[in-house]
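Reader: I have not looked at this one before. Can you walk me through it?
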Amino acid sequence: MTSAETSDATRVPRRDDAVRAALEQGLLTADRPVVALLDATGIRASAAALHTAFDAITAPGTPVLHAFAVKATPLVPVLRLLREQGIGAEVASPGELALAAAAGIPPERTVLDSPAKTPAELREALGLGVAVNADSPQELDRIDALVRSAATASPIGIRVNPQVGGGSIEALSTATTTSKFGVALRDEGARAWIVRAYADRPWLTRLHVHSGSQGMPLTLMAQGVAETYELAEEINRHAGRRQVDTVDIGGGLPVDFGSDAMEPTYARYARLLAEAAPGLFDGRYGLVTEFGRSLLAKHGTVLARVEYTKSAGGRAVAVTHAGVQVATRTVYAPGSWPLRIAAYDAKGRPKPGPDVVQDVAGPACFAGDLLAKGRPLPLLEPGDHVAALDTGAYCFAHHYAYNSLARPGVYGFAPAEGDPGATRFAVVRTPQTLAEIVTESGGPHTRSLTDL
């Protein structure tokens, strides 16, 4: 059994210990009834599994950069932890670039992707030596001008859309016929334009593809990578030289939100890629990946106190302090983004008892603010706690300020050395204060409109 698999086997007990310890150590109180927890041990194990999976399919000496998609969990301590595990950063805005820099991730291990880069963003990235993937012919024209005006150490490429199709979540399918991302490879004249663009620009040395994320079949993702590899081969044949030296295959590995299983694994996806495009991994090309959700989702937990319980239409309802502000996608699209819910008692112990069908509601003032609907759980009571599982990506780090609800504190945890069952915590992000809410909502400018 690998270290990653061992970590998976101990992940649930670690989580249960952390929930109990969070209450014992006062991270969740009557005044702070919701908290987010991150399993540092699990994050390290996922990073190790990623390295191992691609080491197994790449030729010795192949340059490989695993760049974490910062959008998944934009928290500086998370980026720093991943940096220590040999993971770089994929950024899509000046804010994300600033977060990566604050975490100490060097420019040469950072990749900038975005469909709407401004001239200032491009100038900064090229000045720093950050890798840049152009999303459109118009953006490439901008880069042309910048490259002519100043030398850059940035690797530069073009993002292509292989148009292989979509998955079960339309909003996350980026390789459809009409996707807004990249140069549509199957559109009339597009492939010939790309080949000419590289022939005319010796400094274009990369190709980038990202076919989609949650809901995408692995075979479709692998097909998109394979077609991009074939394009790289065509470009190099046409140029008569090894011009494209690196292929950025994006990320997108889906997560199993229905169980504690770490499926699909990086190893499974890597083997599928090696079968679909064996030439990509024979040592002639460098490799960049941009995984996000799959590195963090399983290692996050939102813990919230049950404030009240009631019955409506014969169904039990537990009103908690976690809802749309920490799990926005789940609330607005529950069919695509269901979350598992675990029940804990007032002391943070897994709650026993027969399952009762009930709703788990959040605190926001609209009827759809539900973490779960009609879910069988031990009957929740005031003072109990619910845990929204698999929330380490795209949840509590993407606070939605409905009703001016405060951002919860985020804490990393790990087992305490030499004390079985004990947990130690570290602050990742402090809980938002009411004063901070007022400031962000224009408090310093109270009279600005009345004075007009």
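Author: One term to begin with: two residues are in contact when heavy atoms of theirs lie within 4.5 Å. Also, this is a predicted model.

Reader: Fine. Which residues is Ala-131 in contact with, leaving aside its neighbours within four places in sequence?
Author: Ala-131 is in contact with Pro-107, Thr-110, Val-111, Leu-112, Pro-155 and Arg-206.

Reader: Where does Ala-131 lie, and is Ala-131 buried or exposed?
Author: Ala-131 lies in strand S5, which covers residues 131–134. Ala-131 is buried: its relative accessible area is 5%, and buried means under 20%.

Reader: What separates the C-alpha atoms of Ala-131 and Ala-277?
Author: A distance of 24 Å. Along the chain the two are 146 residues apart.

Reader: Let me step back. How many helices and strands are there in the protein chain?
Author: The protein chain has 12 helices and 18 strands.

Reader: And what is the radius of gyration?
Author: The protein chain has a radius of gyration of 24 Å. A compact globule of 452 residues would be near 22 Å, so the value agrees with that. The C-alpha trace spans about 70 × 70 × 45 Å along its principal axes.

Reader: How much of the chain is buried?
Author: Buried residues are 53% of the 452. The accessible surface is about 19,200 Å², and carbon and sulfur atoms hold 55% of that.

Reader: What about contacts between residues 24 or more positions apart?
Author: Taking contacts with a separation of 6 or more, 69% are between residues 24 or more positions apart.

Reader: Charges, then. How many positive and negative ones?
Author: The chain has 43 positive and 48 negative charges, and their mean positions are 1 Å apart.

Reader: Now a helix. Which residues of H4 are buried?
Author: Helix H4 runs over residues 94–102, and its buried residues are Glu-96, Leu-97 and Ala-100. These three are on the same side of H4, because they cover an arc of only 105° around the axis.

Reader: Why would residues three or four places apart point the same way?
Author: An α-helix has 3.6 residues a turn, so residues at that spacing point the same way.

Reader: What is on the other side of H4, and what covers the buried residues?
Author: On the other side of H4, Ala-101 and Ala-102 are exposed. The cover over the buried residues includes helices H3 and H5 and strands S3 and S4. Just after H4 comes Gly-104, with a positive phi of about 85°.

Reader: Same questions for H7. Which residues are buried, and what covers them?
Author: In H7, residues 190–200, the buried residues are Ala-190, Ile-194, Val-195, Ala-197 and Tyr-198. They cover an arc of only 155° around the axis, which puts them on the same side of H7. Their cover includes helices H6 and H8, along with strands S6, S7 and S8.

Reader: Next, Gly-300. Is Gly-300 buried or exposed, and what does it touch?
Author: Gly-300 counts as buried, at 1% relative accessibility, and lies in strand S11. Not counting residues up to four places away in sequence, Gly-300 touches Leu-37, Leu-38, Ala-388, Leu-389, Asp-390, Thr-391, Gly-392 and Phe-396.

Reader: Last one: where is Asp-359 found, and what is it in contact with?
Author: Asp-359 is found in strand S14, residues 355–361, and is buried with a relative accessible area of 10%. Its contacts beyond four places in sequence include Arg-315, Leu-370 and Lys-373.

Definitions and conventions. Residues numbered from 1 in each chain as written. Predicted model: local features only at pLDDT ≥ 70, side-chain atom pairs only at ≥ 80, totals over all residues. Heavy atoms only, no water. Helix = DSSP H or I, 4+ residues; strand = E, 2+ residues; numbered from the N terminus. Rg over C-alpha atoms; globule rule 2.2 N^0.38 Å. Buried < 20%, exposed > 50% of the residue type's maximum accessible area, 1.4 Å probe, protein only. Areas by Shrake-Rupley, 256 points an atom, 1.4 Å probe, with all protein chains shown as cover. Lys, Arg positive; Asp, Glu negative; His and termini not counted. Charge placed at Lys NZ, Arg CZ, Asp CG, Glu CD. Arc of directions from axis to C-beta.
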